[in-house]
Amino acid sequence: MLGRPLAFTGTETQILTCWGPAPRFYPAQNRSPDVLGPAPRFYQDPNRSSDVLGAGPSLFTQTQTEVLTFWGPTGPKSSPSRRVAGTKLPDPERGRPQREMQVGKPILYSYFRSSCSWRVRIALALKNIDYETIAVNLTKDGGQQFSEEFQSLNPMKQVPALKIDGITIGQSLAIIEYLEETRPTPRLLPRDPKKRAQVRMVSDLIASGIQPLQNLSVLKQVGQENQLTWAQQAITSGFNALEQILQSSAGRYCVGDEVSMADLCLAPQVANADRFKVDLTPYPTISRINKSLLALEAFHVSHPCRQPDTPPELRA
Ligand SMILES: N[C@@H](CCC(=O)N[C@@H](CS)C(=O)NCC(=O)O)C(=O)O
């Protein structure tokens, strides 16, 4: 197990790669004086239980403001080449939680029917992150998103917003990327840059090119009598492009065979299409992927019909 991270600098994040068994991250007070950086925050890949050298890199992403420090069984000066498979890690943290990033349970401000909230709920479920929901009813009391209290959390007056690790994040894709960078397992952005670009392309197509056009505030502007046609037009025009893109990027899911951020955008958008009675017959790839996604536990538990604020008549 290596003691020193290999650091690669990307545009927004640094990626630390470590080979061998799951690295252990220790709080600052326990670290040896010659380890790298101030190491203010820590996490461990819970799925990297393998103690097999050469099983491939674990990638840990971090924001630029944070420095991660980790070391292996022989301390910070050990090197990957000297790693002996099966060596036990020192465990000064025995019995203490490994992840120290979280200050209390994350709180998700969500509305059961909001497709953007559903994206984040799926990410939380996939990454097995326990959280509390605070419901923000977008229609009650003229829209609870307009309350002063909520505006102080998200000045855009939209759900979702996530309070986590001492900060509040709005914008579903920013939230998902934060979760990806701080809780990287399972991966929602592929390692391969080309696939990653495809994931972002599909996500942005939906999150910027479709959903905003059929969002509640826009529909209000369009007026009651035109809403349905307007929303159908926005969705079909986006789905025409999406179907074509997915025909070359998709495997079982939007990009290849791994669930990615693109899928977190797709299923909620198809649910919106259903709500607006869009005929999905011209979109066999979208429909097939959606069906596979809805069979997954994380999509099931986070579904709008199973939320704390789902009205009884819409509960499944
Ligand atoms: N780009 C934002 C969009 C958020 C958004 O549009 N949220 C909708 C619900 S899905 C909302 O809160 N609408 C309230 C309104 O339009 O007043 C994101 O991805 O989080």
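Start by selecting Leu 162, which lies in strand 8. Helices (H or I, at least four residues) and strands (E, at least two) are DSSP runs, numbered from the N terminus. This is a predicted model: local features need pLDDT of at least 70, side-chain atom pairs count only at pLDDT 80 or more, and totals for chains, interfaces and linings use all residues. Residues are numbered from 1 along each chain as its sequence is written.

**Stop 1: Leu 162 and its surroundings**

Stay on Leu 162. Is Leu 162 buried or exposed? Leu 162 counts as buried, because 30 C-beta neighbours lie inside 10 Å. The cut-offs: a residue is buried if 20 or more other C-beta atoms lie within 10 Å of its own, exposed if 12 or fewer, and partly exposed in between, with C-beta atoms placed from the backbone. Leu 162 and Ile 107 are 55 residues apart in sequence, yet their C-alpha atoms are 5.7 Å apart in space.

**Stop 2**

Two strands pair if DSSP finds at least two bridges between them. Strands of a sheet pair through backbone hydrogen bonds, either parallel or antiparallel.

**Stop 2: strand 6 and its two partners**

Select strand 6 (residues 107-110) with strand 7 (residues 132-135). They pair in the parallel sense over 4 bridges. Ile 107 stands opposite Glu 132 in strand 7.

Switch to strand 8 (residues 161-164). Strand 6 pairs with strand 8 in the antiparallel sense, over 3 bridges. Walk along the partners. Ile 107 stands opposite Lys 163, Leu 108 opposite Leu 162, and Tyr 109 has Ala 161 as its bridge partner.

**Stop 3: the hairpin**

Move on to strand 9. Strand 8 and strand 9 run antiparallel, joined by 4 bridges. Lys 163 stands opposite Thr 168 in strand 9. The two strands form a hairpin with 2 residues between them. Pick Asp 165 in the turn: its phi is positive, about 50 degrees.

**Stop 5**

Select Asn 128, in the loop between helix 1 and strand 7. Its phi is near 55 degrees, a positive value in a residue other than glycine. Asn 128 counts as exposed, because it has 12 C-beta neighbours inside 10 Å.

Next, Lys 157, in the loop between helix 2 and strand 8. Phi of Lys 157 is also positive, near 60 degrees. With 17 C-beta neighbours inside 10 Å, Lys 157 counts as partly exposed.

Pro 160 lies in the loop between helix 2 (148-153) and strand 8. A cis peptide bond joins Val 159 to Pro 160, with omega about 5 degrees. Then go to Pro 186, in the loop between helix 3 and helix 4 (193-209). The peptide bond from Thr 185 to Pro 186 is cis, with omega near -10 degrees.

**Stop 4: the ligand**

Finish at the ligand. Which residues are closest? Of the 17 residues that surround the ligand, the closest are Ser 114, Gln 158, Ser 172, Leu 216 and Ser 217. A residue is near a molecule or strand if its C-beta atom, placed from the backbone, lies within 6 Å of it. Colour helix 1 (115-126), helix 3 (172-182) and helix 5 (216-222): these are the elements that give two or more residues to the shell.

Now colour the shell by residue type. It divides into 7 nonpolar, 9 polar and 1 charged. Ala, Val, Leu, Ile, Met, Phe, Trp, Tyr, Cys and Pro count as nonpolar, Asp, Glu, Lys and Arg as charged, and the others, Gly among them, as polar. Lastly, colour by domain, with bounds from an automatic or database domain assignment. The ligand lies between domain 2 (107-184) and domain 3 (193-301), because both give residues to the shell around it.
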